[in-house]
Every structure is written in C-alpha cells, then in structure tokens.
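Please consult the sequence and the coordinates alongside the text.

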Amino acid sequence: MATKALFWNSCRRAWLPLALVAGAFVTSLAPIADGDIFWHLAAGREMVHRHALLRVDPFSVSAAGRPWPDVHWLFQLAAYGVYRVGGLRALVVVKSLLVAAGAGVLYTAVPRRGRAIFVPAFLAAIFLSRHLLLVRPVVVTLVLAATYYALLERYRRERRARLLVPLPFLQVLWTNVQGLFALGPAIIGAYAAGAAVTFALGDRAGFPFAREGGTRAVARARAEQLTVTAACTAIASLASPFGASALVLPGRLLARIVPNAANVFSAAIAENVPPFVLERSSPSETWHVKWFLFALSVSILLAARRTTLSHLLLLGALVVLALMGNRNVALLYWLAPAIVATDLAPLAAMAARRSRRARGERLAARFAVMTTMVAALTLAGVAAAREPSLSEPAPFRFPETSASIIEGLRGGGEIFSADHQGGYLIFRLYPRFRPYIDTRLILRTASEYEEYLGFADDPSRFDAFQRRHHFAAVVLPVAYPDRYLGLIRHLYASRDFKLAYTDGTEALFLRREGWADDGMNLGDRATTEELLAGIAARFGGDARLSSAARVELATLDAALGELDEAARVLSGVASPDAAALHARVRAASGELDSAEHMAEIALERDAKDTRALDLLATIAARHGELGRAGTFLRQALALDPFDVEALHLLATMEDRQHER
C-alpha cells in the first residue's frame, strides 16, 4: 500500500511539468515558413566548405563584399549539422525540444505554489505567439533568457553568490549565437537595480515593493554582487570573433525597430511594426496583445506589494520592446508568465491554506487549472495535427519549383526576388546564382531598401534597374505579401521578360533572349485547366490548402487582367477570401451591381471588412457618387488607418476634385 501511495503521489507531482513540456513541444511543431533559416544554413555550409568564418557577405548582390558581423555563426554551424543529419524535419524537432527545455527551466524558477498559475498561463501565451517561435537563433535566446531568470531567482531566494558564476560563461555562448545577447546583462541589471533601490530606500515607510533581501546589509551585498556579475557579462560579450562590430550590433538592431515614420525598416517590415499598428491590417496575429497586457496589469495589481522592483523593471523593459516591434512579443510572452506566477505564489499559498478548510474551493481551483490545461493542450494538438509535413517548407512560402528551373539554366547570374525569399534562393542556388537582396537588412542602408521597395510601388522604375544589373531571372510571390502584383503585371507585359513558370503562388520570369517560346499565357483556358489540375494533384486531400491555392491563382489572373480565367478558377471555392476576390473580379468586368451586392453581403457578415468597404467606395466613385465613396473610405480608414487601397482611392478622389 505504501508503494502504491508513493507511486500516485509521484504521478500527482509530475503531471504538471509533463503537461508543460509536452504542450510547449507540440505548440512549436510547425513547418518552416520563415526564410531566415535558409541563409543561416547557407552560411553554415559555406563555413564548413571554407573552414573559416564569414567576415564579408558572399551571398547577395546588393551587399557583396561588405563587412558582415555574423554573430550567429555558432547557431549556423549547429543548424547545418542538424540539417545534414535529418533535414528540415530535424530542425523543427530540435527547435521544439529547445522550446520544451526552456519551458522546463522556467518551471523550476517558479515557486511551488505558483506553478499551477504558471503552466496554463505559459501554454496559452506561447500558443498565441506560436507563429513567432521560428527556427531562428531567437529560440536559443529564449532558452538562455529562461536560464538567466532561473539562476537569478534561485540566487534571490538562496543568497548564494556561486549561483551567479555560470552567467558570464553563458554570455559568451549567447554572444556567438544571436544579436539579442545584450539582453543578458540587461536582465542581470534589472535585478541589480532592484537590490540597489531596496538597499537605499527599503527601510522607508511606504516603500511599494517587496524587499529583495533580509537586512539592509544583505541588500547591499546583493546589489554589489549583481552589479559585478552584470559587468562581467558585459565584458564577456567581447568574446566574439567580430569584436567591437559585434558589440554594437544590438544597438544597431534596436534602431531598426524604433517606431518612426521615417524609419523604413520599422514601417515596411511586418515583424518590426508595433503590434497595435499591425493589428489594423493583420488582426489575427496580434489581437491578443492588448488582452495579455490587461491580464498582466491585473496580475501586478493583485500581487501588490509582493512584486519586487527587479521583476517590475524586467517586465517594463519587455513590454517596451514588445510595443516597439511585433517580433519582441515572443520575449514578453515567454518570461512574463513566470514572473507573474512567482509574484502571485504567496497569494496562491494563502488561498491554498484557506481551501484546506473548504474542500469545495480546493476542488474548484483544481478543476479550473485542469480545464485550462486541457484546453491549451487540445488547441496545441489540433493546430499541430493541421500542419502540413514538417519535412517540407510551408506551402506557398518559397519558390521551390522556380529555384529548380533556375538550377537547370546554364551559367549563372543575378536574380531579383522578394527579400524574404532571398535566403531560400541563396541556399538553393549559391554560388552560381545570387539574389539581389535578402532579409539581412543590417547589411543594407535605408536608401537601398527604399529603392528596392520602390519597384513594387512604381514598377516602371524596374526597367532602368534591370539595365544596370542584367538579371537572369526574376522570382516573385503572388501573396505573403501581395505587394509585388504590380511588378508581376509589369513584367508580364514586358518585351524583355517572359513568364516561364507559375503555379499561382510563385511567378518566375526569364529574359526572352535565347528562348523560342513566349512563355505562359494565363488567358488561355487550357493553361488554367492545367494549373487547376496541378493544384488538385498537390492539395487534393486538403480542402483548406486547395482553396487557398486557387484563390492565389485567381489573384494572379485578376492582377494580369485575365478576368474570365480568374472567375473560372474561383468557381466552386467557398471562403471569405474567394468571395471578396470574386466581387472584385465582377467589378473589374463591369458587373458593378453584382459586385456591390456581394460586397454588401460580406459587410453584413463582418462589419469590419475593409476590403468590402474599399470595393463599395470604388463602385460608388465609378457611379460618380463621390460623397458616398468618401463615407465608405472614412469607415475603412477608421478601422485601418494604414489601408493602402483606401488611402490611394482617397488621394485619387481629392486630385479629381482639385482638377475640377
């Protein structure tokens, strides 16, 4: 009986951490959809080939030969080794294992009474930010940030200085993995500042924070030890093959995400855009940020004087970083649940002592935790089950077939492509072919990036640019994002290029010289039927992906003026995106009444559908009803002040009024 009781007690203690680790692992299982990993893999492969670090950029056209402080070199070598062993699937699995390990480290940092709060809160947070848990060096940063926090919390409780000794050594690793290594000294600095303020002001009446130390002498010793440790980790940041250029890199990266209308790197890159700004155009990705911040504020108020100043400083820094750029939301969601659960642990202990006298309260609390846990694990499992194969890149994200076609071309040359696909093309085609640009924007100036973005805004400028570079090929995505549709339309009508390949999601243009055929004609019904057959063969078993692929093909047809074929592709596709596009095709074909009716139905279904409002404004303007069109545009801009189509329509209407 004693053995059986011991077994069940062990199971009762183990289920919470096991659920945490399993949930974290499953939540982060998703195919690779981010292009950065491919230039990381290419760098690892090149270092192995050269038996040397990369100090200048060998991969791209626009930054060729420029100094490259490749602080990610250690991650790149490790990632390439994992890829050689097990391909993309192995990279995803190792990433998920690191996320699970980091979650386990955070669990050890939370007091026992706070763990029932931490586990469901943490799983919910990383589920909401799972699209930011990428196969990037940031995953190692998350694990190291968790380790720093765990060691500092243990030091805060046990007051043993030897617990701080590993931090400078871990900082050396961090410095050679990712540019966010400056977070290491910053985290320690928050604890040092908290201890210093407690030493200076902790004895005063009305001190609003929990004391970080027993006596005043203990607080002073703690402040001194933490300050020395922070200084040592800062010095350890110099242990990089790239020296001072690596040391200043975090500051340069931070400057790239400072919200500013003149900062093109912040305004034009989705992951650098502040989450509240991004929510206006991509609400599905960031809707939860405001609710997370609300829950965080309530938790701090509940903890009241149990919150330490070091925790508040750390939370404040994480919130500021998250509000500056969407990419930093993952850092906030990663550490905040552990910090809040730690500060709420005494409150949870008091509640537990009271519930011993009230069995109903105890059962209700356990039921609430269990329900939240089951919900989080179920959502994570369903999301993982719906993901495509982990051994292949995510659908629609990378020009896989275009890269294969370019591989078959003779010689080599330069390629113009979307920046987020440059890394994939580097990995597939270097050294024979090099893309003009990739996502290592730290190597580019703001004016160079603005020039690149300008080709999407004004495609006619691309012709002169082409004469300077003589691109052998142009590879562009139809969506993710759709900013390149104008350039695709320009190249489709060009005498210098032909559309050599498309499946509706990627478009490959090759120079016409040396080719007998004129390329693909998307106005030909036979071409449409062939493309639809290809979609059915590729995604026939997945209605969701098949529908998305057909919408992209119809988007391409519509952008190229092949309206009949766009309508044919959309026939039988039932989705909000398909309905919105079908309405626009009707409007472009002159069927304004039908298009207006479809837009009104969409608006009845979702009053915040800016696409429907923009279309209704366009139709009203074409009828000469400028006042009505302006009303629709004002409604759209109230929902999304950055609605490009609404802004363009409004500017066009104002120009017409001035002309009159």
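## Backbone geometry in loops

Pro431 is placed in the loop that runs between α19 (419-429) and β2 (433-435). Helices here are DSSP runs of H or I with at least four residues, strands are DSSP runs of E with at least two, and both are numbered from the N terminus. The peptide bond joining Tyr430 and Pro431 is cis, with omega about 10°. The model is a predicted one, in which local features need pLDDT of at least 70 and side-chain atom pairs count only at pLDDT 80 or more, while totals for chains, interfaces and linings use all residues. Residues are numbered from 1 along each chain as its sequence is written, and side-chain values use heavy atoms, with hydrogens and water left out.

Arg159 belongs to the loop between α5 and α6 (166-175). Its phi is near 60°, a positive value in a residue other than glycine. Phe396, in the loop between α17 (359-386) and α18 (400-407), likewise has a positive phi, near 75°, and is not a glycine. Accessibility is classed as buried under 20% relative accessible area, exposed over 50% and partly exposed in between, with a 1.4 Å probe and protein chains only. Arg159 has a relative accessibility of 47% and therefore counts as partly exposed. Phe396 has a relative accessibility of 7% and so counts as buried.

## Packing of α5 with α7

Helix α5 (residues 138-158) packs with helix α7 (residues 183-201) at an angle of about 25°, and their axes are 10 Å apart. Because of that angle, α5 is roughly parallel to α7. Axes are lines fitted to C-alpha atoms, for helices over the stretch in contact, and angles between N-to-C directions run from 0 to 180 degrees. An angle under 35 degrees counts as roughly parallel, over 145 as roughly antiparallel, 65 to 115 as roughly perpendicular, and the rest as oblique.

The crossing of α5 and α7 is right-handed, a term for the near helix being turned clockwise from the far one by less than a right angle, with anticlockwise giving left-handed. On the α5 side, Thr141, Ala145, Tyr148, Tyr149, Leu152, Glu153 and Arg156 take part; on the α7 side they meet Leu183, Gly184, Ile187, Ile188 and Tyr191. By class, this contact of α5 with α7 has eight nonpolar, two polar and two charged residues. Nonpolar covers Ala, Val, Leu, Ile, Met, Phe, Trp, Tyr, Cys and Pro, charged covers Asp, Glu, Lys and Arg, and the others, Gly among them, are polar.

## Packing of α3 with α4

The axes of helix α3 (residues 73-109) and helix α4 (residues 115-128) come within 10 Å and cross at roughly 155°. With that angle, α3 is therefore roughly antiparallel to α4. The crossing of α3 past α4 is right-handed. Ala103, Leu106, Tyr107 and Thr108 of α3 make the contact with Arg115, Phe118, Val119 and Phe122 of α4, where contact means heavy atoms within 4.5 Å. In terms of class, the contact of α3 with α4 has six nonpolar, one polar and one charged residues.

## Nonpolar cores

The largest nonpolar core has 119 residues, and Phe118, Phe122 and Leu332 have the most contacts inside it. Such a core is a set of buried Ala, Val, Leu, Ile, Met, Phe, Trp, Tyr and Cys residues joined through side-chain atoms within 4.5 Å. A second, separate core of 51 residues includes Ala418, Ile488, Ala554 and Ala566.

Apart from neighbours within four places in sequence, Phe118 is in contact with Leu20, Ala103, Leu106, Tyr107, Val110, Pro337, Ala338 and Ala341.

Glu596 is located in helix α27 (residues 592-605) and, at 14% relative accessibility, counts as buried. Not counting residues up to four places away in sequence, Glu596 touches Leu616, Ile619 and Arg628. Glu596 and Ala620 are 24 residues apart in sequence, and their C-alpha atoms are 9.0 Å apart in space.

Ile619 lies in helix α28 (residues 610-622) and counts as buried at 1% relative accessibility. With residues up to four places away in sequence again not counted, Ile619 touches Leu592, Ala595 and Glu596.

Thr527, in helix α23 (residues 525-539), is buried, with a relative accessible area of 13%. Under that sequence exclusion of up to four places, Thr527 touches Met520, Asn521 and Leu522.
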